[in-house]
Amino acid sequence: LQRTTRRLMLTPAGQELLDTLAPMRSVLAAAESRIAGRHSLVRGPLRVTAPTSFGRMHVVPTLPAFLAAHAEVSLAIDLSDEFVDLLDGR
C-alpha cells in the first residue's frame with residue numbers, strides 16, 4: 001500500500017497480488033457457502049457457568065426457547081458466585 005495523508009492506494013505489486021488472489025477468494029467463498037449449510041443442526045453437550053444473579057436474570061429465561069429450538073443439545077448449567085477457573089476446572 002502507498003499511503004499519504006490524503007490517499008491510500010495499492011502499489012503495482014499490491015495490485016498484482018489482488019488480481020492474483022481475487023479468483024481464489026471467489027472459490028473459497030463458494031466452498032464456504034456450500035459447506036455452511038451442512039452443519040445447521042445444533043447438537044451435543046453445552047455447559048454454561050455463570051454468576052447466580054446474572055444467570056437467573058439473563059440466562060435462565062432464554063433456556064426454554066433455546067432448548068425447544070435445539071432439542072439435541074444436552075445442557076448442564078452451573079450458577080454459582082464462587083470463582084470458577086474455566087481452564088483448570090471441568
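Colleague: What pattern does the chain follow, read along the sequence?

Modeller: The pattern is β-β-α-β-α-α-β. There are 3 helices and 4 strands in the chain. Both kinds of element are DSSP runs, numbered from the N terminus: helices are H or I with at least four residues, strands are E with at least two. This is a predicted model, where local features need pLDDT of at least 70, side-chain atom pairs count only at pLDDT 80 or more, and totals for chains, interfaces and linings use all residues. Residues are numbered from 1 along each chain as its sequence is written, and side-chain values use heavy atoms, with hydrogens and water left out.

Colleague: OK. What radius of gyration does the chain have?

Modeller: The chain has 23 Å, whereas a compact globule of 90 residues would have a value near 12 Å. The radius is taken over C-alpha atoms, and the globule rule is 2.2 Å times the number of residues to the power 0.38.

Colleague: And what box do the C-alpha atoms fill?

Modeller: Roughly 60 × 35 × 25 Å, along the principal axes.

Colleague: How many of the 90 residues count as buried, in percent?

Modeller: Of the 90 residues, 9%. Buried means under 20% relative accessible area, exposed over 50%, partly exposed in between, with a 1.4 Å probe and protein chains only.

Colleague: Switching to serine 80. Where is its place?

Modeller: Serine 80 is in the segment after strand 4, which covers 73-79.

Colleague: Buried or exposed?

Modeller: Serine 80 is buried, because its relative accessible area is 18%.

Colleague: What is serine 80 in contact with, leaving aside neighbours within four places in sequence?

Modeller: Ala50, Pro51 and Thr52. Contact means heavy atoms within 4.5 Å.

Colleague: Which backbone nitrogen does the serine 80 side chain reach?

Modeller: That of glutamate 82, at 3.1 Å. A polar contact is a pair of N or O atoms within 3.5 Å; within protein, one must be able to donate a hydrogen and the other to accept it, and residues adjacent in sequence count only if both atoms are side-chain atoms.

Colleague: Now threonine 52. Where is that one?

Modeller: Threonine 52 is in helix 2, residues 52-59. Threonine 52 counts as buried because its relative accessibility is 18%. Residues up to four places away in sequence aside, threonine 52 touches Leu79, Ser80 and Asp81.

Colleague: Which side chain has a polar atom 3.0 Å from the backbone nitrogen of threonine 52?

Modeller: The side chain of aspartate 81. Aspartate 81 sits in the segment after strand 4.

Colleague: Is aspartate 81 buried or exposed, and why?

Modeller: Aspartate 81 counts as exposed because its relative accessibility is 62%. Neighbours within four places in sequence aside, aspartate 81 is in contact with Pro51, Thr52 and Ser53.

Colleague: How far apart are aspartate 81 and phenylalanine 54?

Modeller: In sequence, 27 residues; in space, 9.7 Å from C-alpha to C-alpha.

Colleague: Last one: leucine 41. Where does it lie?

Modeller: Leucine 41 is in the loop between helix 1 (12-36) and strand 3 (44-50). Leucine 41 counts as partly exposed, because its relative accessibility is 48%. Leucine 41 and valine 73 are 9.8 Å apart in space, C-alpha to C-alpha, and 32 residues apart in sequence.
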